[in-house]
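Visitor: I'm new here, so could you show me the structure and then walk me through its aromatic rings?

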Amino acid sequence: MELGALAWLILAPALGALALSAFPAAAKAAQRGTATAISLVPLAIALWLWTRFDTSATAFQFVERASWIPRFGSSWYLGIDGISLPLIALTVFVVPLVIVYSWDHFPEPHNPKAFLILILILETGMIGSFVAQDLLLFFVFFEFVLLPMYFMIGVYGGEQRKYASLKFFL
């Protein structure tokens, strides 16, 4: 299966989070720079998609489809329309800003590597939710967003973060 632009839009932050996990804990400057560079890849892909998006078309564009779980009739079915494109653009624009802002403002406990990995995983899930055209695939990506959010609230939240993270997850 050949990966298209939408698959790379989803995979880039996930692969970046995986690469970031290999960095030593002491290399904080390298972690920040790498996470920033990784977050710019989906931004570049989204800008490319935006320039080639036909606003007069009513069908999904940049469609990618492959069999995923044939027993359930589910497939890897991705596409964007006039609603999902601005949401993707907003996501890929905000994530690099969050990463750059966090350079000097990492919340307690001061663990930049974990925080940056969670942000990139969160980006993967958000983009996947916006481009998924299969209900089961959408459900997987939507649930995928819950995991990094649970840990971000539970670890980096305020006074009652454990209670808040449990309520969020439920």
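Visitor: How many aromatic pairs does the count come to?

Guide: This is a predicted model, where local features need pLDDT of at least 70, side-chain atom pairs count only at pLDDT 80 or more, and totals for chains, interfaces and linings use all residues. Residues are numbered from 1 along each chain as its sequence is written, and side-chain values use heavy atoms, leaving out hydrogens and water. Rings of Phe, Tyr and Trp (its six-membered ring) pair if their centres lie within 6.5 Å; planes under 30 degrees apart are stacked, over 60 edge-to-face, and the rest tilted. By that rule, the count is five aromatic pairs.

Visitor: Are the rings of Trp 48 and Phe 62 stacked, edge-to-face or tilted?

Guide: Their centres are 6.0 Å apart. The planes meet at 50°, so the pair is tilted.

Visitor: Which parts does that pair tie together?

Guide: Helices (H or I, at least four residues) and strands (E, at least two) are DSSP runs, numbered from the N terminus. The pair ties together parts that are 14 residues apart in sequence, because Trp 48 lies in helix H2 (residues 28-52) and Phe 62 in strand E1 (residues 61-69).

Visitor: Is Phe 142 buried, exposed or partly exposed?

Guide: Buried means under 20% relative accessible area, exposed over 50%, and partly exposed in between (1.4 Å probe, protein chains only). Phe 142 has a relative accessible area of 44%, so Phe 142 is partly exposed.
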